[in-house]
Each structure stands twice: as C-alpha cells, then as structure tokens.
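I opened a new notebook page for this protein. Below is what I looked up, entry by entry.

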Amino acid sequence: PMNEQIEKLARECFDVANDGNGDEYLGTTSGVEKFAALIVMACVEIVETQRVPVRPSRSGEMAAKWTMDALRDTRDEIKEHFGVEP
C-alpha cells in the first residue's frame, strides 16, 4: 500500500481511476512535476520546522546557531537541487 502522505499528494495532482484492483493514478507531465514539487516542499518543511535544543550557555547558543545555519543551508540546497520554489 502507498504511504498515506504520498497518496494524499498524489490525489491532489492526478486523476484517480479505480479498476477494482486498487487505485490507478492518471496524470500529465505537469501533474508529475507538481507531485514531485509537493514532495520536495514537504521535505523542506520538515527541515524548516526542525527544533534545535539550546543549553543555557554561550557555547550552547553558538552550537544551536551553527546547527540552524546548517539546516537552512540544507533546505536551500534541496530547493536548488530540484529547482523547486514554494
């Protein structure tokens, strides 16, 4: 069976036909592109909402800042790699 999140995105992008043996997703190139973009943006959202715990110290705050900077760079690399913007 298809992952629930992927199925939700697929239903948003494609026409669904039921042949009695399960759903078949019918689409166009633009539907495939939209589907891929939605998956990439869902991954980007996970990176953007990642929480970084901070210890109450100067070094803890610096480590958290470095981690957040690395997460933002990762987010930007993913978007650039796939050519996807929100």
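**Entry: a buried arginine.** I began with R75, which counts as buried at 19% relative accessibility. Buried means under 20% relative accessible area, exposed over 50%, and partly exposed in between, with a 1.4 Å probe and protein chains only. R75 sits in helix α3. I then listed its contacts, leaving aside neighbours within four places in sequence: V44, V47 and E48. Contact here means heavy atoms within 4.5 Å.

**Entry: ground rules.** I noted that this is a predicted model, where local features need pLDDT of at least 70, side-chain atom pairs count only at pLDDT 80 or more, and totals for chains, interfaces and linings use all residues. Residues are numbered from 1 along each chain as its sequence is written, and side-chain values use heavy atoms, with hydrogens and water left out.

**Entry: the helix pair.** How do the axes of α2 and α3 cross? I found that helix α2 (residues 29-48) and helix α3 (residues 58-82) have axes that come within 9 Å and cross at roughly 170 degrees. The axes are lines fitted to C-alpha atoms, for helices over the stretch in contact, and angles run from 0 to 180 degrees between N-to-C directions. The two helices are therefore roughly antiparallel to each other. That label applies to angles over 145 degrees; under 35 is roughly parallel, 65 to 115 roughly perpendicular, and the rest oblique.

On the α2 side, the contact uses V40, V44, V47 and E48. On the α3 side, I listed L71, R75, I78, K79 and F82. By class, this contact has six nonpolar, no polar and three charged residues.

**Entry: a buried glycine.** I turned to G31, in helix α2. G31 is buried, at 7% relative accessible area. Apart from neighbours within four places in sequence, G31 is in contact with C13 and F14. I also checked A10: A10 and G31 are 21 residues apart in sequence and 8.7 Å apart in space, C-alpha to C-alpha.

**Entry: the whole chain.** I counted three helices and two strands. Along the sequence they follow the pattern α-β-β-α-α. Helices (H or I, at least four residues) and strands (E, at least two) are DSSP runs, numbered from the N terminus. Of the 86 residues, 19% are buried.

**Entry: confidence.** The pLDDT, the predictor's confidence in each residue from 0 to 100, averages 85 for the protein. I saw that 90% of the residues score at least 70.

Terms used
Ala, Val, Leu, Ile, Met, Phe, Trp, Tyr, Cys and Pro count as nonpolar, Asp, Glu, Lys and Arg as charged, and the others, Gly among them, as polar.
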